Amino acid sequence: MASPRVMTVDILTLFPGYFSSPMGEGILGRGVEDGRVRIRIFNLRDFAEDRHRTVDDRPFGGGAGMVLKPEPVCRALTWLKGLPGPSPRVILLTPQGAPLKQSRVKELALCHRIILICGRYEGIDERIADFFCDEQISIGDYVLSGGEPAALVFLDALIRLIPEVMGCADSGKEESFEEGLLEYPQYTRPRNFKGHGVPEILFSGDHEKIRVWRRRQALSKTIKRRPDLIEEERLSPENRKILMKLPKKD
Ligand code: SAM
């Protein structure tokens, strides 16, 4: 039997300790423990050349803060690319990158090896983004103090797409962003919580009715909260039919 695919993620950071606890917990921890994912953390300072291990400098043209110098990042990338194994996809985490979408996470989950570069301070010299990275990713329209939390967000989204890590192979199929929709509402015991009940249909035992009800809920929730996600041409014929029957204003 062929051995299962192992994804390698190399993280370049100034704060290696940031990752120690999350890597031992939850889905990240499980992926690492199962051997499905190999995460290697590299300290950017180890690639500095001077005895002070300098990685930053003042911005040309003036302005506040410090900028990460290109040489240590570039030296680290050259060294990492020279390690044995599949050739890596180099991703720079930056608020100026393409907003991360589930569809892109799915594509990247097929990679065998990824290098994540975490910036700090005012960010990294622009020449790294321009000439030494394959793509730039943002986890949202806000500015973090460093790329480390963004790397963890990205890793979590990525690793849970590996079926063996997820635990239940079906649990990802109907989640938010599948088919461009938010997920339907979920309920569990107790049936009555502080006077608030649960939609009766969920106790009907009629799986088909429940499935259609969930579709309808997913569509109406998406229209209310994230109309930007709905691209009518991408909707399945069934979803389009349900959408047409939804009241215009709920
Ligand atoms: N001066 C930069 C700008 O205005 O675009 C922001 C630098 S930020 C303070 C420092 C680092 O945090 C960035 O280099 C990047 O690695 C990371 N970072 C901040 N916000 C991020 C986001 N929304 N997505 C991904 N990485 C982010």
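Which residues make a nonpolar surface patch of about 280 Å²? The patch is made by F15, Y18 and Y121. The model is predicted.

**Surface patch**
- Y18, one of the residues of the nonpolar patch, is placed in the loop between β1 (7–13) and α1 (26–33).
- The relative accessibility of Y18 is 35%, so this residue counts as partly exposed.

**Nonpolar cores**
- The largest nonpolar core has 29 residues, and within it L116 and L158 touch the most other members.
- At least two residues of this core come from each of β1, α1, β2 (37–43), β5 (89–99), α3 (102–108), β6 (113–118) and α5 (147–159).
- With eight residues, α5 gives the most to this core.
- When neighbours within four places in sequence are left aside, L158 is in contact with M7, V9, V105, L108, A109 and I114.

- Seven of the seven residues of β1 are buried, so the strand is largely enclosed by the rest of the structure.
- In a regular strand the side chains alternate between the two faces of the sheet.
- From β1, M7, V9, I11 and T13 point one way, while T8, D10 and L12 point the other way; all are buried.
- β1 pairs with β2 in the parallel sense, over seven bridges.
- In this pairing, T13 stands opposite N43 in β2.
- In α1, the buried residues are I27, L28, G29 and G31.
- G35 follows α1 and has a positive phi, near 80 degrees.

**Salt bridges**
- The model has a count of 19 salt bridges.
- E49 and R75 form a salt bridge in which the closest N and O atoms are 3.1 Å apart.
- This pair links distant parts of the chain, 26 residues apart: E49 is in the loop between β2 and β3 (56–57), and R75 is in helix α2 (residues 70–81).
- E49 counts as exposed because its relative accessibility is 67%, whereas R75, at 29%, counts as partly exposed.
- E135 and R89 form another salt bridge, with the closest N and O atoms 2.6 Å apart.
- At 14% relative accessibility, E135 counts as buried, whereas R89 has a relative accessible area of 28% and is partly exposed.
- R127 forms a salt bridge with D125, where the closest N and O atoms are 2.6 Å apart.
- R127 is partly exposed, with a relative accessible area of 44%, while D125 counts as buried because its relative accessibility is 15%.
- Salt bridges with shared partners join E179, E208, R211, R215 and E238 into one network.

Notes
Residues are numbered from 1 along each chain as its sequence is written. This is a predicted model: local features need pLDDT of at least 70, side-chain atom pairs count only at pLDDT 80 or more; totals for chains, interfaces and linings use all residues. Side-chain values use heavy atoms; hydrogens and water are left out. Patches are made of residues with over 30% relative accessible area and no salt bridge: like charges are joined within 9 Å, nonpolar side chains (Val, Leu, Ile, Met, Phe, Trp, Tyr) within 5 Å. Accessible areas come from the Shrake-Rupley method with a 1.4 Å probe; for residues, only the protein chains shown count as cover. A salt bridge is a side-chain nitrogen of Lys or Arg within 4 Å of a carboxyl oxygen of Asp or Glu. Helices (H or I, at least four residues) and strands (E, at least two) are DSSP runs, numbered from the N terminus. Buried means under 20% relative accessible area, exposed over 50%, partly exposed in between (1.4 Å probe, protein chains only). A nonpolar core is a set of buried Ala, Val, Leu, Ile, Met, Phe, Trp, Tyr and Cys residues joined through side-chain atoms within 4.5 Å. Contact means heavy atoms within 4.5 Å. Two strands pair if DSSP finds at least two bridges between them.
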